[in-house]
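Okay everyone, thanks for coming.

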Amino acid sequence: MSQKLRVGILGATGMVGQRFISLLENHPWFEVVTVAASARSAGKTYEEAVGGRWKMTTPMPEAVKKLVVMNVAEVEKVAATVDFVFSAVDMTKDEIRAIEEAYAKTETPVVSNNSAHRWTPDVPMVVPEINPEHFEVIASQKKRLGTTRGFVAVKPNCSIQSYAPVLTAWKEFEPYEVVATTYQAISGAGKTFKDWPEMVENIIPYIGGEEEKSEKEPLRIWGKVEDGVIVPATSPVITCQCIRVPVLNGHTAAVFVKFRKKPTKEQLIEALENYRGLPQELELPSAPKQFIRYMQEDNRPQVQLDVDYENGMGISVGRIREDSVYDFKFVGLSHNTIRGAAGGAILCAETLKAKGYIQAK
């Protein structure tokens, strides 16, 4: 009999749901036993429901092909089959907030890829290497929901993964002003080039809602838990532009930083390479051994060469150099649907299990 925790995927037929399923194949702690989606997919096998829309480069895992898709709206029925769920549902923010809390109230922990709960004051938004202590706020959330084991936890936006960890590693030098431009892959919109032919050889200088997330979410990650809620940090001030580029996977950021304490380039590189978080200490299954690496070559990191670093869970940084207006500038790269979406949520769930928040029902 398997000792793995039983996992459900809400929104299993979409691109992020598919990424969850591919990443969880052969996971040592978790086993996908339930897939749930909209009413139009319910009752079909997962293979039938997805049809020709499988967007991963690896084949659909055999273990999920014959699972019968459940209706995500039948909360009690779905919750009864699992120990916890990953949420990647495609609904309005109000609908997402409501359904995720409904699952939590069945005493089923929800680890969400969605943005709907990122600013709910007692919902932790976590990059496990940066702010795992924010999970402490779950105790207050459970009081509000009236639960003993059910809660919602979220991971932040994919766009910030290529620079927020870097700025965290440089905290001792007190960065106080940041300008970032992100060059974001089309899979961030849940699309491939087949779905979105107008993106071939094209750039779109707007991604709805992305700039606000990219400026504000790092401050929440760097905030503190006070009186049962998360109070965002006020510094550094970040201004951002987000641009859609003709790349399938991988968000690149070009970033300029001012520091109160003036580091050398060597100190900045050393801080990146030495940075470790709780996932590395605990050797969690999805944790990159080296969270952030520095690349000395002038033409790195590159999406084609570097996006899959540490199975897509590591951050690649290059081109740290002094700037004539700011103190330093650099280029960062992260995998947007692995570290930035499903993989980041899986690492959150591993951290929650290691800390005792997620257990078998």
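Let's begin with Ala271. Not counting residues up to four places away in sequence, Ala271 touches Ala169, Trp170, Glu172 and Phe173, where contact means heavy atoms within 4.5 Å. Ala271 sits in helix H9, residues 265-274; helices here are DSSP runs of H or I with at least four residues, strands are E runs of at least two, and both are numbered from the N terminus. Is Ala271 buried or exposed? Buried, because its relative accessibility is 13%, and buried means under 20% relative accessible area, exposed over 50%, partly exposed in between, with a 1.4 Å probe and protein chains only.

Quick housekeeping. This is a predicted model, so local features need pLDDT of at least 70 and side-chain atom pairs count only at pLDDT 80 or more, while totals for chains, interfaces and linings use all residues. Residues are numbered from 1 along each chain as its sequence is written, and side-chain values use heavy atoms, with hydrogens and water left out.

Now back to one of those partners, Trp170. Leaving aside neighbours within four places in sequence, Trp170 is in contact with Pro175, Val257, Phe259, Leu268, Ala271, Leu272, Ile320 and Phe330. Trp170 also turns up in the largest nonpolar core, which has 55 residues. By nonpolar core I mean a set of buried Ala, Val, Leu, Ile, Met, Phe, Trp, Tyr and Cys residues joined through side-chain atoms within 4.5 Å. Which members touch the most other members? Tyr103, Tyr163, Trp170, Leu272, Val317, Ile320 and Phe330. There's a second, separate core of 37 residues, and it includes Ile9, Val50, Phe84 and Val126. As a general point, nonpolar side chains in soluble globular proteins tend to be buried together.

Let's zoom out. The protein chain has twelve helices and 14 strands. Of its 361 residues, 58% count as buried. For a compact globule with 361 residues you'd expect a radius of gyration near 21 Å, and the chain has 20 Å, which agrees; that's taken over C-alpha atoms, and the globule rule is 2.2 Å times the number of residues to the power 0.38. The C-alpha atoms fill a box of roughly 60 × 50 × 35 Å along the principal axes. And of the contacts with a separation of 6 or more, 76% come from residues 24 or more positions apart.

Ser235 and Pro236 are joined by a cis peptide bond, omega about 5 degrees, and Pro236 is in the loop between strand E9 (229-231) and strand E10 (237-244). The bond from Arg300 to Pro301 is cis too, with omega near 5 degrees, and Pro301 is in the loop between strand E12 (292-295) and helix H11 (303-306).

Last pair. Asn311 has phi near 55 degrees, a positive value in a residue other than glycine, and it lies in the loop between H11 and strand E13 (315-322). Asn311 is exposed, because its relative accessible area is 66%. Arg319 also has positive phi, near 55 degrees, but Arg319 is in strand E13 and is partly exposed at 37%.
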